[in-house]
Amino acid sequence: MEIKNFLEILSKKVLIMDGATGTELQNKNYLEGVRTPEELNIKFPERIKDVYQSYINAGANIILANTFGANPLKLKEYGLEKSISEIIKNGISLARECENSQGIIVAGDISSTGSYIEPLGKVSFEKAYNAFYVQAELLSSHGADIIVIETMADIKELKAAILASRAASGLPIVAQMTFTQDGTTVTGTSIESFVAMAESLGANAVGLNCSVGPQELLKIAERLALCTNLPISFKPNAGMPVLINKQTVFPGTIEEFVKYSLEAYKAGINMLGGCCGTTPKFIKALSDELKNASPVKRGAVKKFFLSSRMNAIDVEKLKKPILIGERINPTGKKKLQAELLEGSFAIVKDEARKQVSSGAAILDINMGLSAIDETAMLGRAASEVQEIVDVPLCVDSTSAQALEAAVRNCAGRPIINSVNGEKEKLEAILPIAKKYGAALIALTTDEDGIPKTAAKRLDIAKKILEYADNYGVPRENIIFDYLTLAASAEPQGAGETLAALKKSKDLYPECKTVLGVSNISFGLPARQILNAAFFNMAASAGLDFAIVNPFEDWSKVDPRALGLLEGRDIGAKKYIEAFAHTAGVVKKESVDSLSATEKLYQCVLHGTKDNIKNLTAELKKQNFDTASISKIILEALNEAGEKFNLRQYFLPQVILASDAAREAFEYIKDKKDNASGSGKRVVMATVKGDMHDIGKNIVAAVMESYGFEIIDLGKNIDADEIVNKARQENISLIGLSALMTTTMPQMEEVIKKIRFENLNIKVVVGGAPVTEKFAGEIGADGYAKDPVEAVKVFENLL
């Protein structure tokens, strides 16, 4: 199906999506005899066809093919990777074979690989991208009408899936994420950040599915409708599942589902269906109310999002100029250069945190150092910085290859810095801006250099826009830099720059503007006085972004600086006379006055590993013993845990802090020390029948940072194997995880076996559907709702 056809249908009528496939398969015992639901497509095709037919009969317009986990990484876990083409082919064709399937939109369903993308998980971005590419290409070649990407919690995994789907097919893409009740994903991504990423990458519709019931999801959908102009899908659960008499029950009613779905429709949502716990009866009731209804038109949303992993800034709503921190740049910084040559990013990350705390809303990152691999380093720098600060990035290079590596690594929508009017540059960089939907700084210079006049710079801007139009880069993504020239060398330069900036607002109103402010003062004394004056003049002229040192004071306007910039101080004589005494004064970079103990604390708290080896060695030289250093590490880790509880940190920050703490412990422990000697050993497993282990892996990583030794048995582990391992290793603690209510009873089987054999083993349980009440009912010794609480529970049991 062509994109324009799909969007035309959506503009004319509401589309009813199907309900839960997994719930129906479980209700009908259709999962007997298969290792994974996708295997039904080739082993028991009549079963999956029956589920499709039930939703078609219920009135669904869109059927999601049974290809949710049909990617090479997931299928390999079951030895089915060689059957991927047949699985996907049958998943699509079985829907076509159903009665009354004419006119039904068959969606190729794509979901997670089962692991987060690095650094949150162990799967690389490229590995995930390649898996999704194979899946999307097969979905397209076997006749899917559209692609629905669903149940994503990691924004970088969503990015990989959208990019791969666009590259492998020309099909319409509906991108959905799964949000918790507070309106963020479990990895901390906000609705706005989701929209910024999905829209910029070219998704044709966005939506929400799973996690919560219709009442809770409605609130999130209403927020989503306020920040996008794309069509929206809405697929809530039938409430959160509970276990009653060892049976999984979704407490939501059909009446409740329809009631809040109708409210979502009134908010302008035009694709509605159900997720976990919903059945054909739910979809029938919804279809009776809404099938073929005309969509409710939403008001147009004007916004310009730039984003990080967790949040987005709307440029339209922020006070201008917006500050872009300029200090992550090795030019003239010998200490930073030396660190980069060693492969360390300690200074980079420290500068990032300090600039954000000083008011930078965006960070420019430049790795222009001749002795390093700029492509590798800029990509890595983007990855490192975005995990410790929550602001968008501006990736800065003259190399198209380095720019693409960095943009590809971003967990949000960045700015590319930069392109110019040279034909070669335009042809190299505009395709990158188009592919990733990044904003793009465009310098108004070309093969002939920097024009002296505003008129000629505006002519280059026009040329750049013509190229952008040809490459399909929206004009609103272009940010023009009309170039700041040194007032010492070009006395009229400031006036020409400001004239171009003002005129640009009339000629190219869709475009934003930016200036590197500090160039104005090159070669003159009291540089910041002149910088601040020019900054304020540019602000009055309508400047949108300013690339600056955020540590400086930008509020003051000195009349002598204005005289120079306005052309009333020929040769800068008055300015130099007033400030000559400062000519030889060089402002030194701020000296970090923290002690080694404070530095180590901050490294762990912020998840910065680069300097930990040196700091622990320094503390040992100062005669700190292992216990004292351990106390510093654990106190920092505990603060990270408290921030997590207060929702100031999300899982990415907790994981980074845990990794830093684990590395610190490695450096301070004696070679003879080991966790087994301390008794802090835990057997962990996801119980039998459950193939989800992301949550368990995160808990294990955090616990290891607290000095626990984790014996991780993996997922889908039988009770006998779990208990036998604990007995063989003489371990007295077991942690059990389940993400499905249908597998929660397996936790009780483990506990029964321990009690029957009269073993002195304590069991802690956790997982999304598991509750403290359930833990008590099955006789567990503890319940942990998240990784931070798991540490406390196991420590208390010890």
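N29 sits in the loop between helix 2 (21-27) and helix 3 (40-43). In this predicted model, the phi of N29 is near 55°, a positive value in a residue that is not glycine. N29 counts as exposed because its relative accessibility is 53%, and the cut-off for exposed is over 50%. From here, let's visit a few other places in the chain.

**Another asparagine with positive phi**
- N623 also has a positive phi, about 70°, although it is not a glycine.
- Look for N623 in the loop between helix 24 (612-621) and helix 25 (626-645).
- Is N623 buried or exposed? With a relative accessible area of 70%, N623 is exposed.

**Two cis peptide bonds**
- K320 and P321 are joined by a cis peptide bond, with omega about -5°.
- P321 belongs to the loop between strand 12 (312-314) and strand 13 (322-328).
- The peptide bond from N417 to S418 is cis too, and its omega is near 25°.
- S418 is part of strand 16, which covers residues 415-420.

**Helix 7 and its surroundings**
- Helix 7 is made of 17 residues, 125-141.
- From first C-alpha to last, helix 7 reaches 24 Å, close to the 24 Å expected at 1.5 Å a residue.
- Which residues of helix 7 are buried? They are F125, A128, Y129, A131, F132, Q135, A136, L138 and L139.
- After helix 7 comes G143, whose phi is positive, near 100°.

- In soluble globular proteins, nonpolar side chains tend to be buried together.
- Here, the largest nonpolar core has 147 residues, and M367, I416 and F480 have the most contacts inside it.
- Helix 8 gives this core its largest share, eight residues.
- Apart from this core lies another of 47 residues, including L619, V654, V702 and V764.
- What does I416 touch, leaving aside neighbours within four places in sequence? I416 is in contact with V395, L403, V407, I429, I432, A433, A438, A439, L440 and I441.

Definitions and conventions:
Residues numbered from 1 in each chain as written. Predicted model: local features only at pLDDT ≥ 70, side-chain atom pairs only at ≥ 80, totals over all residues. Heavy atoms only, no water. Helix = DSSP H or I, 4+ residues; strand = E, 2+ residues; numbered from the N terminus. Expected span 1.5 Å × (residues − 1). Buried < 20%, exposed > 50% of the residue type's maximum accessible area, 1.4 Å probe, protein only. Core = buried A, V, L, I, M, F, W, Y, C linked by side-chain atoms within 4.5 Å. Contact = heavy atoms within 4.5 Å.
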